[in-house]
Amino acid sequence: MTTTHEGETKEERKRRRQQKRERKEQRELKRKRRREERSSVDGGESTSNATATPNLPTPSSVHQTQQSQFQTQSQSQLQEEWNKEHTSSQSSFQRKTAIMLVSLVPASLGNVKSAIQRSIRTLLLRFSDSLGGVLLAFDNIHVKEKDDSSKNIGGHGSCGIILGELPHIHFRVQVDVLLFCPNVGRSLTGIVNEVFPSHVGILVHSYFNAMVSADHLREAGFQFDRNVNEWKDKENQKILFGNTLQFIVEKLHESNGIISLEVSDPSIPDIILK
C-alpha cells in the first residue's frame with residue numbers, strides 16, 4: 001500500500017517529519033536497551049544489599065593473565081585489602097555515602113531496582129569526577145524523595161521525575177560506595193611488571209597501571225645497568241620484575257574512565273630489604 005502526501009499543509013508535513021524522528025529515536029532506544037540486557041546477562045545480577053563485581057574493562061596495558069587474576073579475586077579479599085589500609089590517614093581507599101542521578105528509559109520501570117543496579121554497575125572500576133575516585137563496590141541503594149527522606153528501592157514511594165518531553169525518568173539515588181582515590185601526593189605501593197631503560201611499569205592492587213620515568217629513577221639514586229637490564233642504586237639494591245616498589249603519585253591520567261598514574265620518588269620498602 002502506497003501512502004502519498006500530496007496536498008498536505010506545511011504544519012502537517014512538519015508533524016509527519018517529527019513523528020518519523022520520534023519513531024527512529026524509539027527504535028534506537030529499544031536496540032540500546034536490548035544490548036544492555038544482553039550485557040547484564042553476561043555480567044550476572046547482584047542483590048540490592050550485596051557488593052557488585054562486574055565484567056572488568058580491558059585496559060590495553062594489563063596482561064590477560066593479570067586481568068583474569070583480578071576478575072577471580074573474591075569480595076572478601078578486596079574487603080581484607082581495604083581493612084589493611086583504611087585505618088591510616090593516607091589510605092587510598094575511601095568509604096562514603098554518595099548521591100547519584102540515575103536516568104532510566106521507560107522500559108526499565110518494570111523492575112526499577114534491577115535497572116538502577118545495572119546503571120550503577122556500569123561505573124564500576126571506572127574513574128568518576130563526581131565521586132572523586134574509582135568505584136570499586138557499592139551497596140545500600142536508596143531513592144531520595146522530594147522531602148529528602150530516603151526509601152529503599154524495594155519499598156513503596158520510590159519515584160523519579162521526567163524533564164520536558166524527554167523519555168528518561170531521573171532518579172536521585174543515595175548509595176554507599178567504596179572508592180580507590182590515588183590523589184596527587186599520596187604514597188602507594190605496587191608490583192613491578194615492566195623494567196625498561198626509559199621507565200619502570202608498576203601494577204597497583206593487581207589492576208591499576210603506574211609508571212616511574214627514568215629521570216625520577218635517577219633522582220632517587222638508581223642507575224640502569226644495560227649489561228643485565230636492571231635498575232639498581234649505589235647499595236646494589238635492585239628493582240626487579242615482581243618486586244614491591246613504593247612511590248608518590250605525581251599525575252593522574254584518565255581515558256574513558258580508565259586511569260593510569262605517573263609517579264615519582266621510587267623506593268624499595270624496608271620490609272623487602274630484610
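Take the contacts in the protein chain with a separation of 6 or more: 62% of them join residues 24 or more positions apart. What you have on screen is a predicted model, and its chain contains six helices and 14 strands. Of the 274 residues in the chain, 36% are buried. The chain exposes about 16700 Å², and carbon and sulfur atoms supply 47% of that area.

Let's look at what is tucked away. In soluble globular proteins, nonpolar side chains tend to be buried together. Here, the largest nonpolar core has 30 residues, and the ones touching the most other members are Leu 136, Phe 180, Val 200, Ile 202, Phe 208, Trp 231 and Ile 239. Several elements give two or more residues to this core, including strand S3 (133-144), strand S7 (187-195), strand S8 (199-204) and helix H5. Strand S14 (258-267) is also on that list, and S14 supplies the largest share, four residues. There is also a second, separate core of 21 residues, which includes Ile 120, Leu 124, Ile 141 and Val 177.

Now zoom in on Ile 239. Setting aside its neighbours within four places in sequence, what does Ile 239 contact? The partners are Val 192, Val 195, Val 200, Leu 217, Phe 222, Trp 231 and Leu 245. Trp 231 turns up here as a contact of Ile 239, and both residues belong to the set that touches the most other core members.

A search of the whole structure finds four aromatic pairs. In one of them, the rings of Phe 93 and Phe 180 have centres 6.0 Å apart and planes at 50 degrees, so this pair is classed as tilted. Phe 93 sits in strand S1 (residues 93-104) and Phe 180 in strand S6 (residues 169-180), so the pair links distant parts of the chain, 87 residues apart. Are these two residues buried or exposed? Both Phe 93 and Phe 180 are buried. They also share one aromatic cluster with Tyr 207 and Phe 208.

Next, follow S14 through its pairings. With S13, S14 pairs in the antiparallel sense over eight bridges, and Lys 251 has Glu 262 as its bridge partner in S14. These two strands make a hairpin with two residues between them, and in this hairpin Asn 256 takes a positive phi near 55 degrees. With S9, S14 pairs in the parallel sense, over four bridges. In that pairing, look for Asn 209, whose bridge partner in S14 is Ser 260.

Three strands form an open sheet in the order S10-S11-S12, with antiparallel pairing. Strand S10 (223-225) and strand S12 (238-239) are the edge strands, each pairing on one side only. S10 and strand S11 (residues 230-232) pair over three bridges, and Asp 225 has Glu 230 as its bridge partner in S11.

How many salt bridges does the structure hold? It holds three. In one, the side chains of Asp 225 and Lys 232 meet at 3.2 Å, N to O. Asp 225 is buried, because its relative accessible area is 18% and the cut-off for buried is under 20%. Lys 232, at 23%, counts as partly exposed. In another, Glu 230 joins Lys 238, with the closest N and O atoms 3.3 Å apart. Glu 230 is buried too, at 10%, whereas Lys 238 is partly exposed at 31%.

The remaining salt bridge is between Arg 218 and Asp 215, at 3.5 Å, N to O. Both residues lie in helix H5 (residues 214-219), three residues apart, or about one turn of the helix. Asp 215 has a relative accessibility of 52%, so it counts as exposed. Arg 218, at 41%, counts as partly exposed.

Finally, compare that with helix H4 (residues 112-121), which is mostly covered: eight of its 10 residues are buried. Among them are Val 112, Ala 115 and Ile 116, but also Gln 117, Arg 118 and Arg 121. Ile 120 is buried in H4 as well, and you have already met Ile 120 as a member of the second core.

Note on methods
Residues numbered from 1 in each chain as written. Predicted model: local features only at pLDDT ≥ 70, side-chain atom pairs only at ≥ 80, totals over all residues. Heavy atoms only, no water. Salt bridge = Lys/Arg side-chain N within 4 Å of Asp/Glu carboxyl O. Buried < 20%, exposed > 50% of the residue type's maximum accessible area, 1.4 Å probe, protein only. Contact = heavy atoms within 4.5 Å. Areas by Shrake-Rupley, 256 points an atom, 1.4 Å probe, with all protein chains shown as cover. Pairing = 2+ DSSP bridges. Phe/Tyr/Trp six-rings, centres within 6.5 Å; stacked < 30°, edge-to-face > 60°. Core = buried A, V, L, I, M, F, W, Y, C linked by side-chain atoms within 4.5 Å.
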